[in-house]
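I opened my notebook to look up a few things in this structure. Here are my entries, in the order I made them.

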Amino acid sequence: MESFDQSIELLSGIEMKRPPAELFDKVMERVISFDRRFLIRIVMIISFGFGMTFMVFKMGKSNQKNQTVETYFSTNYNFYGYE
Amino acid sequence: MVDEGELISRITQGDKNALKEIYELHALKVYNLILNRFNDKFLADDITQDVFLKVYDKSISFRGDSQVSTWIYRIAFNKCLDELKRRKKTINGIDTTFYQVSAYEDEANISVNLTTILDAVDLLKQSQKDAFTLVYLDKFSQQEASEIMSMNIKAFESLLYRARLSLQSTLSKNKGL
């Protein structure tokens with residue numbers, strides 16, 4: 001067992017390799033592009049939210065004029081009205 | 001002494017300097033942990049980048065249940081497991097020429113022994129190899145290694161004991177140790 005332990009001790013002589021000096025710059029590049037993608041996603045979500053709010057608001061207004069959803073999108077048909 | 005918890009909370013606020021400090025503290029061990037498994041410098045570069053990107057991304061979910069260092073090494077270890085799964089292969093032979101042995105050792109004698117030992121390590125079962133590599137090549141304490149492998153310390157000690165027994169048996173078959 002002692003001989004085995006001595007053999008295992010050899011592994012402690014293995015030196016650690018240093019990572020390349022420019023590796024952190026690459027990490028930073030990826031962090032910056034990650035941040036940018038995150039920002040773009042946020043902007044898209046906010047724009048979508050605003051767009052939907054605007055549409056619902058406009059639809060609400062058109063309903064006040066007794067206009068159905070279908071007539072809002074296409075003035076050709078009114079499925080629910082008889083006139 | 002740097003308060004790593006403080007660094008993590010600064011990273012959550014988007015502080016890039018805090019990320020640099022964390023990187024400087026742990027990059028060496030993370031890089032070698034990956035290198036000891038794949039022997040591929042380019043892959044080690046890529047996975048190290050992934051690890052620190054994940055540290056940046058997930059810093060908000062760090063609950064402080066373990067030490068920051070253990071959390072980072074666990075991310076690195078799991079990335080290695082993912083890569084192994086992706087490649088559907090185990091370590092492709094540990095390249096002994098890759099390692100630098102300290103100059104004060106008797107190089108001729110050691111290179112023979114080191115090759116034999118690393119070849120024998122390569123024959124261990126994956127979990128035993130992971131445990132053995134974490135302790136003897138990556139130089140983590142048994143407590144740290146058990147946390148990195150998300151294992152109970154007793155179970156880890158038992159796994160490491162079995163790894164040592166298998167290794168000893170392989171070595172004695174090869175060399176009569």
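**Entry: one buried residue.** I started with F132(B). F132(B) is buried, because 24 other C-beta atoms lie within 10 Å of its own. I noted the cut-offs: a residue is buried with 20 or more other C-beta atoms within 10 Å, exposed with 12 or fewer, and partly exposed in between, the C-beta atoms being placed from the backbone. F132(B) sits in helix α6, residues 126-137 of chain B. Helices here are DSSP runs of H or I with at least four residues, strands are runs of E with at least two, and both are numbered from the N terminus.

Which residues does F132(B) touch, leaving aside neighbours within four places in sequence? I found V121(B), L124(B), L160(B), A163(B) and L167(B). In contact means that the C-beta atoms, placed from the backbone, lie within 7 Å. A163(B) is 31 residues from F132(B) along the chain, yet their C-alpha atoms are separated by 6.6 Å.

**Entry: ground rules.** I wrote down that this is a predicted model, where local features need pLDDT of at least 70, side-chain atom pairs count only at pLDDT 80 or more, and totals for chains, interfaces and linings use all residues. Residues are numbered from 1 along each chain as its sequence is written, while chains are lettered from A and ligands numbered from 1 in the order in which they are written.

**Entry: chain B as a whole.** I counted the elements next. Chain B has 8 helices and 0 strands. Its pattern along the sequence reads α-α-α-α-α-α-α-α. Of its 177 residues, 37% count as buried. I also checked contacts with a separation of 6 or more: residues 24 or more positions apart account for 61% of them in chain B.

Entry: I moved to Y56(B), in helix α3, residues 41-58 of chain B. Y56(B) counts as buried because it has 23 C-beta neighbours inside 10 Å. Not counting residues up to four places away in sequence, Y56(B) touches I11(B), L19(B) and, in chain A, V31(A). A155(B) is 99 residues from Y56(B) in sequence and 32 Å from it in space, C-alpha to C-alpha.

**Entry: α2(B) against α3(B).** Two packed helices are described by the angle between their axes and the distance between the axes. Helix α2 of chain B, residues 16-38, packs on α3(B) at about 140 degrees, with the axes 9 Å apart. That angle makes α2(B) oblique to α3(B). Axes are lines fitted to C-alpha atoms, for helices over the stretch in contact, and angles run from 0 to 180 degrees between N-to-C directions. Under 35 degrees counts as roughly parallel, over 145 as roughly antiparallel, 65 to 115 as roughly perpendicular, and the rest as oblique. How do the residues of this contact divide by class? I got 16 nonpolar, 1 polar and no charged. Ala, Val, Leu, Ile, Met, Phe, Trp, Tyr, Cys and Pro count as nonpolar, Asp, Glu, Lys and Arg as charged, and the others, Gly among them, as polar.

**Entry: α2(B) against α4(B).** The axes of α2(B) and helix α4, residues 68-87 of chain B, come within 10 Å and cross at roughly 25 degrees. That makes α2(B) roughly parallel to α4(B). The contact includes V30(B) and I34(B) of α2(B), and A76(B) and F77(B) of α4(B). By class, this contact has 8 nonpolar, 2 polar and 2 charged residues.

**Entry: the two chains.** The contact takes 22 residues from chain A and 30 residues from chain B. On the chain A side, α2(A) gives the most, with 8 residues. That side divides into 14 nonpolar, 3 polar and 5 charged residues.

**Entry: two loop residues.** N39(B) is not a glycine, yet it has a positive phi of about 50 degrees. N39(B) is found in the loop between α2 and α3 of chain B. Is N39(B) buried or partly exposed? N39(B) counts as partly exposed because it has 18 C-beta neighbours inside 10 Å. S150(B), also not a glycine, has a positive phi of about 55 degrees. S150(B) lies in the loop between α7 (142-148) and α8 (153-175) of chain B. With 11 C-beta neighbours inside 10 Å, S150(B) counts as exposed.

Methods: Contact = placed C-beta atoms within 7 Å.
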